[in-house]
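Me: I'd like to go through this fold with you, one question at a time. Can you put it up on the screen?

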Amino acid sequence: MDRIGIGIIGCGYWGINYVRVFEELGESEVKAVCDRRPERLAEVEKRFPCLHSTTNHQDLLKSPDVDAVVVCTEASSHYPIVSEYLTAGKHVLVEKPMTTRVSDAEELLNLAESKGLTLMIGHTFLYNAGIRQVKDYITQGDMGKLYYLYSRRTNLGPIRNDVSALWDLAPHDISIFNYLLDSKPAWVSAVGATVLGNGRADVGFMSLG
């Protein structure tokens, strides 16, 4: 079977990790990486000297060797980039949050479905061995009756300029809860506060019913 050609858009912390992981998988091959920052591309080229690199993501869009792309850019750019690649017939794995508006996310889902393409979100904890073991305990009844789930996520950075701390971090916990309970919230209550003064809530508290 031919290996799947992968393109990586955004070579920050997660982008470089994706390059490493896909290079280690026998079924895939990273064909190209893209980042607007030449210094990030230089770092990737130092670690993976055989990769093609570019500062223009349109180069990956036009490449017949790229079957699927991973989008690791700022959340506010996810919708236009993912839309472009789905329209061009490429499968997409996009980091969370998928988009910053529900209507944009629904549009992308419909677009992927209409073209028979895979659209995945980077909910990494759904593939975590510990989370999957807890899921088995719940399914088998080993944990008894569940009354509530609680999580706390604290992080010293990076500080996001385009989304709040809740939008940046809470998708992890929400995806875990949905997975463990096989359900989605019927209602949500959330409050946040801007402590650092960057215009985005960097502290948040959320209740899901």
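Reply: Before we start, a crossing is called left-handed if the near helix is turned anticlockwise from the far one by less than a right angle, and right-handed if clockwise. Helices (H or I, at least four residues) and strands (E, at least two) are DSSP runs, numbered from the N terminus. This is a predicted model, where local features need pLDDT of at least 70, side-chain atom pairs count only at pLDDT 80 or more, and totals for chains, interfaces and linings use all residues. Residues are numbered from 1 along each chain as its sequence is written, and side-chain values use heavy atoms, with hydrogens and water left out.

Me: Which hand does the crossing of α6 and α7 have?
Reply: Helix α6 spans residues 129-140, and its axis comes within 9 Å of the α7 axis, at roughly 30 degrees. Axes are lines fitted to C-alpha atoms, for helices over the stretch in contact, and angles run from 0 to 180 degrees between N-to-C directions. The crossing is right-handed.

Me: Are α6 and α7 roughly parallel or roughly antiparallel?
Reply: Angles under 35 degrees count as roughly parallel, over 145 as roughly antiparallel, 65 to 115 as roughly perpendicular and the rest as oblique. With their axes crossing at roughly 30 degrees, α6 and α7 are therefore roughly parallel.

Me: Which residues of α7 meet α6?
Reply: Contact here means heavy atoms within 4.5 Å. From the α6 side come I131, R132, V134, K135 and I138, and they meet I176, Y179 and L180 in α7.

Me: Is I176 buried or exposed?
Reply: I176 sits in α7, residues 165-181, and touches F125, L126 and I131, leaving aside residues up to four places away in sequence. Buried means under 20% relative accessible area, exposed over 50%, partly exposed in between (1.4 Å probe, protein chains only). At a relative accessible area of 9%, I176 is buried.

Me: How far apart in space are I176 and H123?
Reply: Along the sequence, 53 residues separate I176 from H123. In space, C-alpha to C-alpha, the distance is 8.5 Å.

Me: Which residues of α2 meet α1?
Reply: Helix α1 (residues 13-24) packs on α2 (residues 38-47) at about 25 degrees, with the axes 11 Å apart. That makes the two roughly parallel. Y13, I16 and R20 in α1 meet R40, E43, V44 and R47.

Me: And overall, what share of the chain is buried?
Reply: The chain has 7 helices and 8 strands. Its C-alpha atoms fill a box of roughly 50 × 45 × 35 Å along the principal axes. Of its 209 residues, the buried share is 37%.
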